[in-house]
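Please look through the following chain and its model, with attention to what lies inside and how the parts pack together.

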Amino acid sequence: MSPQRSRIYSTEDARRLAQRRLPRLVFDFVEGAAGRETGAARNLSQFDEIMLQPRVMADVSVCWLTTKLLGKSHALPFGIAPMGMCNLVHPNADKSLADAAKSMGFPVCLSSAASTSIEDMAQLAGAQAWFQLYFGASKEASLALVDRARTAGYETLVLTVDVPQVSRRLRDLRNGFSVPFNMSPRAFLDFASHPRWSLSTLAAGAPRPMNFEGTNGGNTFDRGASRSGADWAFLDVLRKEWPGKLIVKGVTSAIDARRVRGLGADAIYVSNHGARQLDSVPPAIRLLPLIRDAVGPDFPLLFDSGIRNGEDIVKALALGADFVMIGRPVLFALGAEGPRGLTALLQSFASDIRVVMAQLGVTSIDQLGPDVLFDNTSRASDTPDTKTQAAMRLAAKP
């Protein structure tokens, strides 16, 4: 019997199918954002405002997607962003992410709040595994997580700094979502109406934050606790303690970006957390060129927030990112069809990128710069510096 063919050809397909299969409480946890969710909508709509300039008659018979970041080569210019409790959308979701990362050749970042332990993910993903750190109950508890990551063999650490306090996400409040989970009558009915998800999740064991169980320097998981201890002093301490590559995630200010670079971070991760923290935050893609200008042309920048297809990835790379991370779309794909859906979606992203590169007349990722963007104020004689300025104007348009 031949394997069932995926019905996923885009993020929109994955989202639609996931909404049918997942309990409302789980789907809303994945898709929801802060406040009225206008910030999340702006993240998406801003990409529609950015246009690309096709070029013709170039030899684009082969387009190379290999990308270098922090001294390593990756087969694709994108990876998987850190996301907590992924196993809620599908049993062993983190394993599926690790398998995809190894087979397709890109990094996968394990969240502190993951439903898979630091040690297990290191075994599952090997050299493709990164670890993301949330500041915990104390500096000592946080550094205990860092020590575990170092002992497990991680070489790249991502410090998230844009969650001093978890925002009020109205969908979660209305649905009674909490971690650890508290079963309410409403949740019971929600789960009962989605028996396939409920039975498979029950068989695999209820997901829980695995990195906060047992003794871990006094660290316990409290989703609503303050994480404001991730301050400048802690970054300085962390830089001295962590021997590997250090990425600081959640930077949206050019002033902050320069300071992060000055404290010795190896890269900055431009992200507005998918607008899950502040509804009025500017779209991250508009901030990317400003931060690129602030840190200079050679400092590594990663990006997420609003990515929904390979064309969006190309736009982010053209506007100053060196690498792009994908969040919600992969959870939609897993929630919709499990590992089969995940593979289909990631392959669609890679195919998108190749097609778009061919349309733009470029054959390698390092050729994607501001000159592939359409700007009706530029002229054929524009210099590269002028094109960079044009890219910043494009990203700054309302």
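Cys86 is buried, with a relative accessible area of 2%, where buried means under 20% relative accessible area, exposed over 50% and partly exposed in between, taken with a 1.4 Å probe and protein chains only.

| Residue | Relative accessible area |
|---|---|
| Cys86 | 2% |
| Cys109 | 4% |
| Thr67 | 5% |

The count of disulfides comes to zero, a disulfide being a pair of cysteine sulfur atoms within 2.5 Å. This is a predicted model, in which local features need pLDDT of at least 70 and side-chain atom pairs count only at pLDDT 80 or more, while totals for chains, interfaces and linings use all residues. Residues are numbered from 1 along each chain as its sequence is written, and side-chain values use heavy atoms, with hydrogens and water left out.

The chain has 16 helices and ten strands; these are DSSP runs numbered from the N terminus, helices being H or I of at least four residues and strands E of at least two. Of the 398 residues in the chain, 56% are buried.

Thr67 lies in strand S1, residues 67-69, and its side chain reaches the backbone oxygen of Leu65 at 3.0 Å. Not counting residues up to four places away in sequence, Thr67 touches several residues, among them Lys72, His74, Asp322 and Ile365, where contact means heavy atoms within 4.5 Å.

In soluble globular proteins, nonpolar side chains tend to be buried together. A nonpolar core is a set of buried Ala, Val, Leu, Ile, Met, Phe, Trp, Tyr and Cys residues joined through side-chain atoms within 4.5 Å. The largest such core here has 106 residues, and those with the most contacts inside it are Phe78, Tyr154, Phe303 and Leu346. Helix H15, residues 339-360, gives the most to this core, with ten residues. A second, separate core of twelve residues includes Cys109, Trp130, Ile247 and Tyr269.

Helix H4, residues 93-104, has twelve residues that should span 16 Å at 1.5 Å a residue, and its end C-alpha atoms are 16 Å apart, which agrees; the expected span is 1.5 Å times one less than the number of residues. Among the buried residues of H4 are Ala93, Leu97, Ala101 and Met104. The buried residues of H4 pack against strands S3 and S4 and helices H5, H14 and H15, and just after H4, Gly105 takes a positive phi of about 80°.

Definitions and conventions. A polar contact is a pair of N or O atoms within 3.5 Å; within protein, one must be able to donate a hydrogen and the other to accept it, and residues adjacent in sequence count only if both atoms are side-chain atoms.
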